[in-house]
Amino acid sequence: MDEKYFSRLNQYRSLWVLVFFDLPTETRKDRKIATSFRKKLLDDGFGMFQFSIYMRFCASRENADVHIKRTKKNLPPKGKVGIMSITDKQFGMMEVFFGTSKQETEAPTQQLELF
């Protein structure tokens, strides 16, 4: 393969776009607007990291700009929304924890032996 192809897709050029939001949900209309905003993020290829944090991988700054622009176009009228871009290298240094207690694993299934 062409070496230029691999140099374009490196950890410093590719980005993760993160969208953080805190939207009002007191009224039915507010909940509908918040749900619509989340659905539009999903439709644009974002995945849910936490309930109000969505992220999307982009191969280049230009690609990230397209998705950032699309997200800005869909901003709800109320609430707080933040958009952040970080390199794939930075994203890879993130540490994620799922609580501090040890997670119990399921007991292994037993097989029946036929003689």
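Start by selecting helix α3: its buried residues pack against β1, α2, β3 and β4. Here contact means heavy atoms within 4.5 Å, and buried means under 20% relative accessible area, exposed over 50% and partly exposed in between, with a 1.4 Å probe and protein chains only. Helices (H or I, at least four residues) and strands (E, at least two) are DSSP runs, numbered from the N terminus.

Before moving on, note that this is a predicted model, in which local features need pLDDT of at least 70, side-chain atom pairs count only at pLDDT 80 or more, and totals for chains, interfaces and linings use all residues. Residues are numbered from 1 along each chain as its sequence is written, and side-chain values use heavy atoms, with hydrogens and water left out.

**Stop 1: helix α3**

Colour residues 61-73, which make up α3. Which of its residues are buried? They are Ala64, His67, Ile68 and Thr71. Look down the axis of α3: these buried residues fall within an arc of 105°, so they line one face of the helix. The arc is taken from the directions from the helix axis to the C-beta atoms. An α-helix has 3.6 residues a turn, so residues three or four places apart point the same way. Now show Lys69 and Lys73, exposed residues on the face of α3 turned away from its buried side.

**Stop 2: the sheet**

Next, select the four strands of the open sheet, whose order is β2-β3-β1-β4 with antiparallel pairing. Two strands pair if DSSP finds at least two bridges between them. At the edges you will find β2 (47-50) and β4 (80-87); each has a single partner strand, so one side of each is left without a neighbour in the sheet. From one strand to the next, the twist averages 30°.

**Stop 3: strand β3 and its partners**

Zoom in on β3, residues 53-58. Five of its six residues are buried, so β3 is largely enclosed by the rest of the structure. Six bridges link β3 to β1 (residues 15-22) in the antiparallel sense. Follow the chain from β2 to β3 through a hairpin of two residues.

**Stop 4: the helices across the sheet**

Finally, bring back both helices. Helix α2 (residues 28-43) lies across β1, β3 and β4, at about 170° to β1. Helix α3 also lies across β1, β3 and β4, at about 145° to β3. These angles run from 0 to 180 degrees between N-to-C directions, with axes fitted as lines to C-alpha atoms, for helices over the stretch in contact.
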